[in-house]
Amino acid sequence: MGRNGKVILVGAGPGDPGLLTIKGREALQRAEVVVYDRLVGPAILAMMPEKAEKIDVGKAAAHHTVPQWQINQILLDKAREGKVVVRLKGGDPFVFGRGGEELELLEENGIPFEEVPGITSAIAACAYAGIPVTHRDFCSSLHIITGHAKAGAELTIDFDALVRTRGTLVFLMGVTAMPKIVEGLLRAGMDPEMPAAMVESGTTPLQRRCGATLRTLPERAAEMGIHSPAIIVVGKVCALADRFCWFDKLPLKGKRILVTRPKERAGTLSDKLRALGAEVWEYPCIETVPIRPCPSMAAALDHIADYAWLVFTSPAGVSAFRTELRRMGKDGRYLAAVKLGAIGTGTARALSEMGLTADFLPTVYDAEHLGRELPAEGRVLILRAEIGSPALTQALERRGIPYDDIPVYRTVYQNGASRALRQALEAGELPYVTFTSASTVKGFAATVGEGADFSRTLGLCIGEQTAAEARRRGIPAAVAGEATIDAVVALALEQ
Ligand code: SAH
């Protein structure tokens with residue numbers, strides 16, 4: 001057995017990726033093997049390290065879930081190989097999550113393990129639906145109950161005892177049994193007018209709340225077609241939901257937005273849109289790949305004293321430069337005599353992550369303004385994409401400023417034609433697509449393939465050049481007020 005093998009049971013929270021704990025995320029980032037199940041959302045799955053082995057035990061062959069004994073065995077086997085294994089579970093692993101069962105075999109075999117609690121849906125789905133699970137005016141206890149009955153068997157819930165508590169009741173796994181649960185509570189003497197609710201897909205962009213009374217819940221839930229995963233909440237606190245349902249009031253709630261940024265840069269934009277309630281689909285349509293080796297960059301940097309300005313038009317350019325500088329065994333001091341230009345705040349931030357401060361940013365963050373406004377002080381070294389915008393070099397030429405334009409990375413249009421994306425697009429299921437550069441437009445168009453009908457979507461574009469590229473391809477476009485991610489978010493809010 002490898003010496004370092006261990007298992008970390010991690011609660012992924014109820015759905016909103018922001019509800020994963022910091023400790024849980026750190027464990028996930030260290031994982032060599034991740035064993036996950038159905039309730040874990042896509043944004044958290046996207047945090048899994050690329051190199052980690054990923055084992056989906058919630059949706060194996062023919063949609064049968066992997067039996068519990070087999071999951072236990074997988075955890076044991078992988079830990080014995082000396083791997084750091086993260087067992088990722090929805091909500092909290094110990095709240096109806098079989099976390100305890102999964103530890104038994106490990107404990108018997110002397111495998112070290114840890115448990116990182118998660119936020120349970122029992123509390124979080126209520127919170128996002130505007131239901132505080134306790135409130136001093138209404139109740140003094142909270143009860144979390146399983147509504148799951150073994151196939152063919154009756155529920156074994158002591159309804160009399162539950163009614164006597166006068167507390168808030170939250171049932172998990174109870175969608176199918178809901179009418180029976182309601183019947184049981186009524187028969188045990190609970191007031192038929194007791195406020196009750198169901199919350200479906202709580203904390204996710206698809207969250208729906210069904211507000212009712214105990215008497216009307218079965219009918220209301222059937223009307224709305226509430227389905228799993230959902231919780232049932234019974235208690236006076238449910239009456240507060242209409243006033244407290246903050247999540248449903250977020251400005252982008254109910255809006256689906258496709259984010260096409262390259263994978264490594266999608267984070268910020270997606271997070272900001274999600275925080276405003278949007279349903280974000282991340283679909284990286286391009287990838288930036290540094291050119292390596294890059295003799296022309298090496299040669300230019302060898303003669304850095306020949307240049308007055310070193311100019312970057314993207315974080316990807318800064319990243320390729322950083323790698324080259326490190327390869328040369330140099331650091332920021334090497335650039336002491338040269339000034340640094342950045343096309344916008346994102347690029348300036350990438351420089352500052354290297355401990356470098358941009359000396360110049362144009363008034364409008366695009367290639368044209370950069371070329372027009374860069375102070376004329378001598379030769380300019382531009383480190384950027386293989387096919388960069390001609391607007392920058394044309395503007396420099398007009399002003400008689402000498403430059404070297406050196407490609408340091410290339411843009412790869414990642415995906416082949418994606419049928420699913422095209423179908424969603426043409427069915428009107430993708431009302432908004434964000435474009436943060438002309439190459440994301442090209443990547444998106446390449447992904448959905450020739451001849452796609454874009455009439456039911458709107459491109460939210462970072463700037464004029466990006467919008468022009470979109471319109472050229474028949475994609476209706478709106479343009480952000482300035483070329484920043486925040487302005488793209490503001491543009492989404494205006495729709
Ligand atoms: N360990 C999990 C619960 C697993 S049992 C936790 O702590 O949340 C699965 C049940 O949890 C589902 O049947 C449903 O009742 C509930 N559930 C999980 N995620 C949910 C969500 N996002 N919204 C509403 N209910 C959810």
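**The ligand and its shell**

Tutor: The shell around the ligand consists of 10 nonpolar, 6 polar and 1 charged residues, where Ala, Val, Leu, Ile, Met, Phe, Trp, Tyr, Cys and Pro count as nonpolar, Asp, Glu, Lys and Arg as charged, and the others, Gly among them, as polar. Please keep in mind that this is a predicted model, in which local features need pLDDT of at least 70 and side-chain atom pairs count only at pLDDT 80 or more, while totals for chains, interfaces and linings use all residues. Residues are numbered from 1 along each chain as its sequence is written, and side-chain values use heavy atoms, with hydrogens and water left out.

Student: What makes a residue part of the set that surrounds the ligand, and which are the closest?

Tutor: A residue is near a molecule or strand if one of its heavy atoms lies within 4 Å of it. By that criterion 17 residues surround the ligand, and the closest are V95, T120, S121, G202 and A230.

Student: Why are β6 and β9 called edge strands?

Tutor: Helices (H or I, at least four residues) and strands (E, at least two) are DSSP runs, numbered from the N terminus, and two strands pair if DSSP finds at least two bridges between them. Here 5 strands form an open sheet in the order β6-β7-β10-β8-β9, with mixed pairing. β6 (142–146) and β9 (208–213) each have a single partner strand, so one side of each is left without a neighbour in the sheet. Neighbouring strands are turned by 20° against each other on average, direction ignored.

Student: How do you know that β8 and β9 pair?

Tutor: Strand β8 (residues 195–200) is joined to β9 by 6 bridges, and the two run antiparallel; since at least two bridges are required, they count as paired. One of the bridge partners is G211 in β9, which stands with A197.

Student: What makes helix α5 a helix that packs on this sheet?

Tutor: Helix α5 (residues 121–128) touches β6, β7 (168–172), β8 and β10 (230–234), contact meaning heavy atoms within 4.5 Å. Its direction makes about 75° with that of β10, where axes are lines fitted to C-alpha atoms, for helices over the stretch in contact, and angles run from 0 to 180 degrees between N-to-C directions.

Student: Which strands stand at the edges of the parallel sheet, and why?

Tutor: The order is β3-β2-β4-β1-β5 in an open sheet of 5 strands with parallel pairing. β3 (53–56) and β5 (113–116) stand at the edges, because each has a single partner strand and one side is left without a neighbour. The twist averages 15° from one strand to the next. Strand β1 (residues 6–11) pairs with β5 in the parallel sense over 4 bridges, and L9 stands opposite E115 in β5. Helix α4 (residues 99–108) packs on the sheet, touching β1, β4 and β5, and its direction makes about 175° with that of β1.
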